[in-house]
Amino acid sequence: MKRAPFALFLLVLAGCSGGLPALQVTLVDGIGEPLQPLAAAWRLGAPPFAWNALPTGQFSWSLPIPPGARFQVAFRCPSAGSTDFYVSLDLRRSEVGNQLMVRCPSVYASPLTSTNGTLNVSLTSGQAFSARHQVAVSGSTFTGLQVPQGNGREVAVFGDSGGTPHFGRLGALNITGPTNLSLTLSPITATLNVTTPPGFFSYAGLVLQSFVPVDLASWTGLLPPGTPQPVPRPALQGGDLFQFWTCHGFSCAILRELSTSPAVAPGASLNLNVPPLTLSGSETHTPTALPTFSNITTSGFSPGLSFLGYALLLAEPGVRYWRHFLSPGALGNATSYYVDVENAPGFAGVVPTVGSSVQLRATAFAGNQPLAVLLAQRPIPEETFAAHTLFLDRFWPVHLEAALLSASFTW
């Protein structure tokens with residue numbers, strides 16, 4: 001028994017699953033580009049089973065995990081300056097397919113470079129967008145838009161000219177340094193009608209297939225109940241994604257649809273409701289260990305949606321951030337939870353400093369897509385709700401509901 005974890009680790013290093021179903025785990029940044037971790041580990045089972053170190057000079061690993069087995073993976077992501085980032089997941093093999101894509105927050109593989117742009121129309125207000133930045137448009141120009149270097153990049157502009165919304169994009173760019181661009185914008189004549197609950201803060205936007213997010217509209221729900229919000233509907237390409245969300249207090253809903261879906265065809269009407277959601281629990285910890293969560297409960301999700309699990313964040317702001325995903329299969333019928341990521345090789349630094357001010361964020365999810373489908377998809381570049389939705393912010397059509405919980409305390 002003591003030799004089993006090491007034997008499985010040898011299978012990973014040899015690239016041979018020995019007849020076990022292989023799970024391909026890939027580590028990426030927010031625009032889907034591969035990252036190599038500073039530390040990596042995995043194991044079968046829960047504490048006190050031992051963690052096995054994974055090689056760090058790569059971005060993808062083949063893990064021989066038996067059907068139905070519970071397992072964890074953990075990565076220390078590349079640091080941003082002096083700030084450290086850790087991500088981990090606790091799942092059952094039956095909840096994932098053969099692909100698991102893990103996203104690192106805040107760090108990226110490609111450096112940025114500055115671009116300027118000239119437009120064919122003058123906008124009274126507008127924004128220029130890249131996969132990682134946006135700037136205001138002044139008349140018919142924008143300056144200082146930061147674009148990731150590399151092939152296949154894209155820049156988009158959305159804004160208003162004379163009361164008419166305009167949209168334009170310039171793609172398949174090979175960005176190697178500072179660049180001047182010329183974009184052609186076209187008037188938008190079509191709209192979508194989106195109804196959200198009164199008093200909720202709501203949003204409509206795009207994620208282009210090149211990872212460029214575009215903000216279309218936001219509103220506070222002050223219209224009379226049942227009044228639709230008109231949202232400009234640009235002409236798009238088949239791989240582009242619409243996303244909408246609405247949120248009040250700690251109850252939120254997210255809807256994503258591919259641009260080819262009849263649900264977001266020109267003139268379509270969408271109704272995005274969210275019931276009152278609840279998430280509660282408590283945490284205890286020692287100075288040298290991550291929290292134990294107790295009395296975890298959530299309720300209120302809409303009929304027809306399946307519970308997808310919990311996302312946790314423990315942050316010592318500006319110093320270290322730990323993101324963790326806990327699936328329904330891994331938690332089972334338990335109401336308490338602890339995973340000892342701090343005991344994995346190279347992960348001792350995940351624990352906050354004694355006496356520091358920390359933030360705890362938790363999110364419970366339900367959705368109309370299987371967890372396996374979502375976790376296999378490439379990420380979208382911007383987190384929908386900061387510190388809450390990183391793991392399930394994926395480029396895939398889905399209806400999600402999210403119950404949020406936040407707390408701050410001294411470690």
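Good morning, everyone. A word of caution to start: this is a predicted model.

How many does a search of the whole structure find? The count is 9.

Take glutamate 33 and arginine 153. Their side chains form a salt bridge, with N to O at 2.8 Å. Now find them along the chain. Glutamate 33 sits in the loop between β1 (22-28) and β2 (39-44). Arginine 153 belongs to strand β12, residues 150-161.

Next, aspartate 240 and arginine 169. Here the salt bridge has an N to O distance of 2.7 Å. Why does aspartate 240 count as buried? Because its relative accessibility is 0%, and buried means under 20%. Arginine 169 also counts as buried, because its value is 18%.

Glu154, Arg169 and Asp240 are linked in a network of salt bridges.

Now the third pair. Arginine 323 makes a salt bridge with glutamate 383, and their closest N and O atoms are 2.9 Å apart. Where are they? Arginine 323 is in strand β26, residues 320-326. Glutamate 383 is in the loop between α3 (371-375) and β28 (398-410). The pair links distant parts of the chain, 60 residues apart. Both residues are buried.

On to the pocket. The largest pocket holds about 220 Å³ of space. How many residues line the largest pocket? There are 16. Lying nearest its centre are Gly281, Phe293, Leu360, Ala362 and Leu405.

Which elements give two or more residues to this lining? They are β23 (278-284), β24 (292-299), β25 (306-316), β27 (357-367) and β28. The largest share comes from β23, with 5 residues.

To recap: the search found 9 salt bridges, and the largest pocket has a lining of 16 residues. Thank you. Questions are welcome.

Terms used. Residues numbered from 1 in each chain as written. Predicted model: local features only at pLDDT ≥ 70, side-chain atom pairs only at ≥ 80, totals over all residues. Heavy atoms only, no water. Salt bridge = Lys/Arg side-chain N within 4 Å of Asp/Glu carboxyl O. Helix = DSSP H or I, 4+ residues; strand = E, 2+ residues; numbered from the N terminus. Buried < 20%, exposed > 50% of the residue type's maximum accessible area, 1.4 Å probe, protein only. 1 Å grid on protein atoms, 1.4 Å probe; cavity = no way out; pocket = protein on both sides within 12 Å on 5 of 7 lines; lining within 4 Å. Points joined across faces, edges and corners; volume = space filled by probe spheres on them.
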